[in-house]
Amino acid sequence: AGIDRKIAFSNFLPAIDIQLNRYSTDEQQLRRAGGNFMAMSDRTVRQRTVDAQWAVFAPETWFLYDAYKNRQKVQEMIHERVRQQIVLHITVLFHSSLSLDESRKSIEATKAQADVMLKEVLDAYEEGLLVKSQVENAKVFVKSCENALKKNEREQVQVKADLLELMGLSP
């Protein structure tokens, strides 16, 4: 019984994930020119990222643990808690679906502009105003827009399938 209580208590504790990344080029690279050293670049690049994630931890969880210890109406409280979590998950998936729809519109607009830009770049290349690498860069940009659109469509299908499954409907 004592081990069960400790296991139950550990399931209610919050989980913390922390990640820290630091990338820096503080020292400029020097190149010898004549008798002096000259900096190859006048830029110092620094990038720092801090990610912290703390699981949602409601006071109700402590109450559930206390109720478990006192053997009070745990089943009803757990049932209500699960129902609330399902409603929350459905809400999150629904808003994700709406967000992906808006993202798709933005990606489609970007792709349309990229297609127009590619046509203009090709015309300028045919007139000898641009080099082949600039044409290739424009083509890569169009392809990246196409890939972003396909990725968005896959994510939309997945989110809608998850939403239907969570609501008890067959995707």
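User: Which residues make up the largest nonpolar core?

Analyst: Happy to walk through that. In soluble globular proteins, nonpolar side chains tend to be buried together. In this predicted model, the largest such core has seven residues: A114, L118, V121, V135, A138, V142 and C145.

User: Which helices each supply at least two residues of this core?

Analyst: Two helices do: α3, spanning 74–126, and α4, spanning 132–166.

User: Could we zoom in on one member? What is V142 in contact with, leaving aside its neighbours within four places in sequence?

Analyst: Pick out V142 on your display and look around it. Beyond those sequence neighbours, V142 is in contact with K111, A114, D115 and L118. Of these, A114 and L118 are also members of the core.

User: Now the whole chain. What pattern does the chain follow along the sequence?

Analyst: Start by counting elements: there are four helices and four strands. Read in order, they run α-β-β-β-β-α-α-α.

User: How much of the chain is buried, and what belongs to carbon and sulfur atoms on its accessible surface?

Analyst: Buried residues make up 16% of the 171 residues. The accessible surface comes to about 13700 Å², and 56% of that belongs to carbon and sulfur atoms.

How values were computed:
Residues are numbered from 1 along each chain as its sequence is written. This is a predicted model: local features need pLDDT of at least 70, side-chain atom pairs count only at pLDDT 80 or more; totals for chains, interfaces and linings use all residues. Side-chain values use heavy atoms; hydrogens and water are left out. A nonpolar core is a set of buried Ala, Val, Leu, Ile, Met, Phe, Trp, Tyr and Cys residues joined through side-chain atoms within 4.5 Å. Buried means under 20% relative accessible area, exposed over 50%, partly exposed in between (1.4 Å probe, protein chains only). Contact means heavy atoms within 4.5 Å. Accessible areas come from the Shrake-Rupley method with a 1.4 Å probe; for residues, only the protein chains shown count as cover.
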